[in-house]
Amino acid sequence: MLREDGEDAPVLPQVNDGGRPRGAPADPRGADECRFYRIRANSPSPAYRLCFTGGRLSHKGEVPTVRR
C-alpha cells in the first residue's frame, strides 16, 4: 500500500508543481493531505492527485487544471 512517508517515491512522477494547481477541485472529505504531480512542470494536462488519511493513501486520480 502506498504510504506518504516516502518509501514509494520512486514510482511517483518526478514533478511536484508546488501545491494545488489552479482549477483543481476541493480535497476529498476526510483527507489529511493531498499532493499533486505532473509528468512535466507547468503542463496544461491534468494533474495526478494523491490524498492521504492517517498516513495511508485514501484517494487517487486525475484532476482537471487550468493553464497558468
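Arg49 is placed in strand β2, which covers residues 47-53; strands here are DSSP runs marked E of at least two residues, helices are runs marked H or I of at least four residues, and both are numbered from the N terminus. The structure is a predicted model, in which local features need pLDDT of at least 70 and side-chain atom pairs count only at pLDDT 80 or more, whereas totals for chains, interfaces and linings use all residues. Residues are numbered from 1 along each chain as its sequence is written, and side-chain values use heavy atoms, with hydrogens and water left out.

The protein contains zero helices and three strands, and from the N terminus its elements follow the order β-β-β. Of the 68 residues in the protein, 31% are buried; a residue is termed buried when its relative accessible area is under 20%, exposed when this is over 50%, and partly exposed in between, as found with a 1.4 Å probe and protein chains only. The accessible surface of the protein amounts to about 4600 Å², and carbon and sulfur atoms account for 49% of this surface. These areas come from the Shrake-Rupley method with a 1.4 Å probe, and for residues only the protein chains shown count as cover. When contacts between residues at least 6 apart in sequence are considered, 37% of them join residues at least 24 apart; a contact requires heavy atoms within 4.5 Å.

Arg49 is buried and has no salt bridge, a salt bridge being a side-chain nitrogen of Lys or Arg within 4 Å of a carboxyl oxygen of Asp or Glu. The nearest side chain of opposite charge is that of Asp27, at 4.4 Å; in this scheme Lys and Arg count as positive and Asp and Glu as negative, while His and the chain ends are not counted. The side chain of Arg49 does reach the backbone oxygen of Ala26, at 3.1 Å. This is a polar contact, defined as a pair of N or O atoms within 3.5 Å; within protein, one atom must be able to donate a hydrogen and the other to accept it, and residues adjacent in sequence count only if both atoms are side-chain atoms. With residues up to four places away in sequence set aside, the residues touched by Arg49 include Pro25, Ala26, Asp27 and Pro28. Also among them are Cys34, Arg35 and Phe36, as well as His59, Lys60, Gly61 and Val63.

Side chains of opposite charge can pair when their charged atoms come close. Two salt bridges are found in a search of the whole structure. One of them links the side chains of Asp27 and Arg20, with an N to O distance of 2.4 Å. Asp27 is classed as partly exposed because its relative accessibility is 33%, and Arg20 is likewise partly exposed, at 41%. A salt bridge also joins Arg35 to Glu33, where the closest N and O atoms lie 3.2 Å apart. The side chains of Arg35 and Glu33 are in polar contact at 3.2 Å as well. Arg35 belongs to strand β1 and is partly exposed, with 22% relative accessibility; Glu33 has 32% and is therefore also partly exposed.

The largest nonpolar core consists of six residues, namely Ala24, Cys34, Phe36, Ala47, Cys51 and Val63. Strands β1 (33-37) and β2 each give two or more residues to this core. Such a core is a set of buried Ala, Val, Leu, Ile, Met, Phe, Trp, Tyr and Cys residues joined through side-chain atoms within 4.5 Å.

Several pairs that are separated in sequence were also compared by their C-alpha distances. Arg35 and Cys51 are 16 residues apart in sequence, with 6.3 Å between their C-alpha atoms. Leu50, in strand β2, is buried because its relative accessible area is 10%. Between Leu50 and Phe36 there are 14 positions in sequence and 6.5 Å from C-alpha to C-alpha. Arg38 lies in the loop between β1 and β2 and is buried because its relative accessibility is 3%. The C-alpha atoms of Arg38 and Arg49 are 9.1 Å apart, at a sequence separation of 11 residues. Ala31, in the segment before β1, is 24 residues from Gly55 in sequence and 9.8 Å from Gly55 in space, C-alpha to C-alpha. Apart from its neighbours within four places in sequence, Ala31 contacts Cys51, Phe52 and Thr53.
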